[in-house]
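Good morning, and thank you for the time.

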Amino acid sequence: MEFLFTVLIILSVLAPGFSSTTTTFNVLKYGAVGDGQTNDSPAFLKAWKDVCQSKSHISQLIIPAKRTFMLKPTTFTGPCKSNYTYIQLSGNIVAPKTKPEYSGFHTNTWLGFSFIDGLIISGKGSIDGRGSIWWQQPCLGNPQPGRTCRPPTAVTFNRCNRLQLKGYTSINPARSHMTLTSCQKGTLSFLHLVAPGNSPNTDGIDISGSKHIKVLNSFIATGDDCIAISAGSSNITIFGITCGPGHGISIGSLGTRGETDIVEDVHVENCTLTETLTGVRIKTWQGGAGFARRISFEKITFVRANNPIIIDQFYCPHRTDCKNKTASIKVSDITYKGIVGTSLTDKAINLSCDENVGCSNIVLDHIYITSAVPGQKVFSFCHNAHGTATHTKPSVKCLLK
């Protein structure tokens, strides 16, 4: 139903006879050049002001094809007056080529969208973060010893309800391709998110504090998690994702610095993960509180994946100050069903649950994972994991009742 709704919205924008409810704004008419070098941010912001103030049912911003628009860090802010704000992304948007061009801007985000209900971004265009200038040294200038820096996320959506993203390509972000924070009722579909497998921290889609989000039929090949679902998120559907390279599809990490985090009602289905660092993963820190529950992974295919199925309640990626603590996120009601494929690691199923809290109601059903390495056998590992396993290879006899 939501997909049909999206189609109807886009048809109402493009088809004749709807002009009375649609107002169109082209960035070229606001002074944008589109030569890939001129800073077109001022023109985009001028156009955005009129788009956002339009009281038509659908307010449409056109980014025309066969043009490349260079934007410096820019934030598009609502609330807007139209019911739907539709950005037709036919052309290409690129980030600055050099770090000095970011001087004077906050570098946490390159393109930000905030407080915009009914935002639609659709088209065959692309967003190029030109992130390679940040990957080796993520600070804007020369960092002082011991300083850590976070380069800009390519696109952020903050408190954008009824969000729809469809069809465009994102390449080479400095950090994540996109983040959704405190968004409700969103559908992301037919996206192509691409970065080198060795590009650091280039998550595909980060979802936090958001509810009723669907990510559908998309291709993600990047340097970190293809999709990461973080604290405060619920009713998340992931379907038809092709992932790899990357770090797989992750819940978490949760419980950082002892925080109380909650993720629930997540369904991941019909996804293929190829040569990923991990497969489908739940990761929590020691010392946190809250829960990760009612999470299912179904009809997943692994192709030469590392660590295909993993619950890691001892997550500590930097391997410093990794102390066991009495408190932990409660992991429960986790289902793995209809999962097949090959593993590059011999530990194909790893259920490492907290020493004190443990995991409960872990269900594995019809799991068939074999080794991608000739002559190597795969095995399962459990630590304080409770549940059932049926028709599972490797066998998971370590599960406790």
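I shall start with how the model is to be read.

This is a predicted model, in which local features need pLDDT of at least 70 and side-chain atom pairs count only at pLDDT 80 or more, while totals for chains, interfaces and linings use all residues. Residues are numbered from 1 along each chain as its sequence is written, and side-chain values use heavy atoms, with hydrogens and water left out.

Now the sheet. Eleven strands form an open sheet with parallel pairing, in the order E5-E8-E11-E14-E17-E20-E23-E25-E27-E29-E31. Its edge strands, each pairing on one side only, are E5 (74-77) and E31 (379-383). Strands here are DSSP runs of E of at least two residues, and helices are runs of H or I of at least four, numbered from the N terminus; two strands pair if DSSP finds at least two bridges between them.

Strand E14 (residues 178-181) is joined by four bridges to E11 (residues 153-158), and four bridges also join E14 to E17 (residues 205-208). Within these pairs, Thr156 has Thr179 as its bridge partner, and Leu180 stands opposite Ile207.

I turn to helix H2. Which of its residues are buried, that is, under 20% relative accessible area with a 1.4 Å probe and protein chains only? They are Ser41, Ala43, Phe44, Ala47, Trp48, Val51 and Cys52. Seen down the axis of H2, these residues fall within an arc of 160°, taken from the directions from the axis to the C-beta atoms, so they line one face. The face turned away carries Lys46 and Lys49, which are exposed, meaning over 50%.
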